[in-house]
Amino acid sequence: MKKTHIILLVLIAAAIVVLISYTGDLSSYETVSSAKQKQGKFVNLIVKMDKTVPVQYDPVKDPNYLKFNVQDSLGGKISVVYHNTMPTDMEKSERLVLKGKVQGDVFECSTIVMKCPSKYKDNPTAMKEQPEILSN
Amino acid sequence: MNTASNPATLQYIGEHLLPGQFGYFFTLLSLVASLVASFAFAKAFYANHIDDEKSWNKLAKIAFGIEVITVVASFIILTYVITNHLFEYKYAYSHSDKSLSFEYLLSCFWEGQEGSFLLWSFWHCVLGMIIMYKVKWRPNGVMMTLSFVQFLLASMVIGVFIFGAKVGSSPFILLREEMNWPILSRPDYLQFIKDGTGLNTTLQNYWMVIHPPVLFLGFASTTVPFAFAVAGLFKKDNGWMNHVLSWANFSAGILGLGIMMGAAWAYESLNFGGYWAWDPVENASLVPWLVLVAGIHTTMIFRKTGSSVKASYLFMGLSFLLVIYSTFLTRSGILGDTSVHAFTDLGMNAQLLVFLLIFVIPFFILYFIRFRFMVEPTKEDDISSREFWMLVGSLVLVLSASVIIAITSIPVFNKIFGTNIAPPEDPEFAHNQVQVFVAIIIGSLSAFGQYLRFKHTPIEQIKKQLLLPSIVTIVISAVFFVFVGVGYTQKGPGFVGALYVGILASVYTVVANFHYWLGVLKGKLKSAGASVGHIGFGLVLLGIFLSASNKTVISFNTTGINVLKEDADMRKSPVGNPRENITLFEGINTDMGKYMVEYTRDTTDELNKRFFELRFTDKKTNEQFFLYPDILKNNKGAEGFSANPDAKHYWLKDIFVYITSFQDHSEEDTVAFKPAKIKIGDSIFYSNGYIKLNEVLVNPNPNRAAGTNELILDLQVTSKEGLQYSSKPGILLEGLNMEQRLDTIKAQNLVLSFNKVVSQEEGVLEIGIKESSSLTNLITLKVYEFPFINVLWLGVVVMTIGFMMSMLQRIRKNKAI
């Protein structure tokens, strides 16, 4: 066996180990109720905002404290704490992907991904509307 | 006659249909011409007789010439449509508007898929012309593949229906053909379409004018090594490896530059606080580069020793295939949730998949058919030989690329197997913890690799030559470790250790290659391409390590408007305690770490960009500087705003700041005064501290108007962080009229009033307290200190120069391209 073959095998083995260890880091999408079962485990929630409860955010008192309530498609509700500024278009977002952990009754969120017209993409709904007719 | 009911005969007013008709014609002609060219080049490539070859070659050249003309014409027409604001065309309507300056109108050109495919085609035309006339080794074979790629690219922009399936998406489609808005059935609809929807706000940055053309030149140029390798496989001829290196060096240089221009754009105009986020779009362009660099090295091994044949064919081919794969990933919408800046799905997924498979499957079939022809010498590589370590390095690069692309492909995996795997908690770190070791290995190999000779190197020679650079490296690193060190300890001692080793390895790369150039090559520039390239690569790694190891958030709230809320619960927060935002009130100097920061004013320019002026004062040196981060209301129906960072550049660090949210002082103030009873000497609490009544002043102002009386309260406000403010609300009495004099403490967002005397005997007064966030404009921002980021940018420039020098070296050596 040539030395290069041995090295190749070693490197491939290393790559496999890396990928396997990476799969250990992977997380999962959960519902609110299944996330509550997995206290303290990092999960992803796909939810929408529960607008019956007002959003708490006051940059004067604390720019790094946002609290709001969400609901998933199965009706599970939970309140969310996010230690960061409030994303500007959050309330208009149709869907939120929250990454974080359930801690007691609260979802401690580390990242909010908004599923709304992304600023990086063309907004598909914007193009559905015609420009306003301003004059006759 | 009611024309509106019969759209076929409807005459629309003010449309410019001619450019579009020409556009359609040229894109269709381009499709035909590139197919003819590919076929004719293939015929010439396989011709047995010299006359056959000549006649086919002649036809092919004509066809490719037509192809060049059609692509350039389509390019010019689309530019014309955009720059003349012909909004009857959907491309102009949806990607541009009238307010954009010329350079941003060019960005509009490549904002959409269709335009970027045209750009890609355009570069192929340029490269193809050079290959046709300058390449000495089987140009017909190379052009055969290149023209075929052109054919597929042309199919992406034709926008016709074939057997009910939409093939391509034309940039020349009219708005009324695509949309079914009611107004579009009116003959005079164009008068209502006054402006386009504009260019994405985040793309309105000068890097976005130059980054896409460079990146697409990089993508297009990977086709050339691929085409060489394919021609070699067809003809069982390894001769291409003597000609491919100039092209491959050019490609790697340009692709690397294009990728890093994207990184510079991300650093300057996105606000994740960095230049690289392991986003799928970034990964997808990095991976072909890594494989291409590996391919360059294995090809050099082959030229010197005749080994690494299989690897060279594979890597040179794979680099292009990975470009196509990343095109598929970023344009098909399959990345969905995982990427922030993929293209919009145009419903061409099937076509993109065909584009991918039509190259991948035949290439691998051909590769395995020819497997036995790619003979490796039986002699083993000496462990002290240059080729041995070059091969190790190349394999490490390819495996690193494999890991990155495997992780990036998780959405594809989910799609195929119906799984639901989500990214890990810290996706950036998941990559970093692997790639840091790759960087260490590659850094070390590039440091000593050049000192080795092919076949065999006497150990004594290596020791002698490497002594000086090793000592210099150790000294530089030691000085650095003592005086700067690694500040990024969040990921534990293991990662800190890796960062230290990484810095050592990259310093070694820079020093050793510099020494090789001066000491061994005697400073000659003609053959210094590899040294310069490696110095640049070392600087890139060094810049990455240094900025990663000492990037710090400095917008920690050190006065802490929120000190009381900083309770134990929050510190225990399982997601850590980011708290990286600081709130600034207009006109209030706020303490922030090393600096005092004041939000002095804001201005809005004619494009509705709002600039915030922030005055930074260094607490120690009193040095002052201003930064102007800005925000721009998002367009295209997206809510919110996009924030553009600003940075103060020093030689050794950047102070990087961006607005995370802002709140305007609003006239309609709905917060009510809360009444509170107070006596002299009493204190009452408000949300952020307490208010003490010192005394009641009666007519303190001797110059008051006659017949008036004043009652003024002397209040002392103490915030919980210990700041004291004096406040003097009062009442002015004039006969029976009573007028309240409010007093405002902006820094505490507090308005105080003196309402009335409740009980004169007991000395009980009533004051009103209003706490309102709308008293003054406020912004929240994040501030980072990025050390040594310039080392990275310098490294990119040096590395690109190195690649170009290597390219010229190869051209000189072969006396041909």
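## A walk through a two-chain model

The side chains of B:Gln150 and B:Glu67 are joined by a polar contact of 2.8 Å. Let us start from that spot and then step back. Please keep in mind that the model you are looking at is predicted.

Is B:Gln150 buried or exposed? Its relative accessible area is 0%, and buried means under 20%, so B:Gln150 counts as buried. Leaving aside residues up to four places away in sequence, B:Gln150 touches B:Ser34, B:Phe64, B:Glu67, B:Val71, B:Ser121, B:His124 and B:Cys125. Notice that B:Glu67, the partner in the polar contact, is among the residues in that list.

Now zoom out to the whole of chain B. Its secondary structure comes to 20 helices and 24 strands, and its C-alpha trace spans about 120 × 95 × 50 Å along the principal axes. The chain is divided into domain 1 (11–202), domain 2 (205–262 + 276–417), domain 3 (424–550) and domain 4 (674–775). Domain 2 is written as two stretches of sequence, 205–262 and 276–417. How far apart are the C-alpha centres of domain 2 and domain 4 of chain B? They lie 73 Å apart. Of the 817 residues in chain B, 58% are buried. If you take the contacts in this chain between residues at least 6 apart in sequence, 70% of them join residues at least 24 apart. Chain B exposes about 34100 Å², and carbon and sulfur atoms supply 63% of that area.

Next, find helix α14 of chain B, residues 410–417. Its buried residues are B:Ile410, B:Pro411, B:Val412 and B:Asn414. What covers them? Part of the cover comes from chain B itself, including α11 (309–331), α13 (386–408) and β3 (421–422), and the cover also includes α1 (3–25) of chain A.

Over all chains, a search of the whole structure finds 59 aromatic pairs. Take B:Tyr367 and B:Phe371: their ring centres are 5.8 Å apart and their planes stand at 70°, so this pair is edge-to-face. B:Tyr367 counts as buried, at 5% relative accessibility, whereas B:Phe371 is partly exposed, with a relative accessible area of 32%. The charged end of B:Lys235 sits over the ring of B:Tyr46, 4.4 Å from the ring centre. Likewise, the charged end of B:Lys551 sits over the ring of B:Tyr784, 4.5 Å from its centre.

Chain A has two helices and seven strands. In what pattern do they follow one another along the sequence? Reading along, you find α-β-α-β-β-β-β-β-β. Buried residues make up 44% of the 136 residues in this chain. Among its contacts with a separation of 6 or more, 46% are between residues 24 or more positions apart. Chain A exposes about 7000 Å², with carbon and sulfur atoms supplying 56% of it.

Definitions and conventions. Residues numbered from 1 in each chain as written. Chains lettered and ligands numbered in written order. Predicted model: local features only at pLDDT ≥ 70, side-chain atom pairs only at ≥ 80, totals over all residues. Heavy atoms only, no water. Domains from an automatic or database assignment. Buried < 20%, exposed > 50% of the residue type's maximum accessible area, 1.4 Å probe, protein only. Helix = DSSP H or I, 4+ residues; strand = E, 2+ residues; numbered from the N terminus. Contact = heavy atoms within 4.5 Å. Phe/Tyr/Trp six-rings, centres within 6.5 Å; stacked < 30°, edge-to-face > 60°. Lys NZ or Arg CZ within 6 Å of the ring centre and 35° of its normal. Polar contact = N/O pair within 3.5 Å; in protein donor to acceptor, adjacent residues only side chain to side chain. Areas by Shrake-Rupley, 256 points an atom, 1.4 Å probe, with all protein chains shown as cover.
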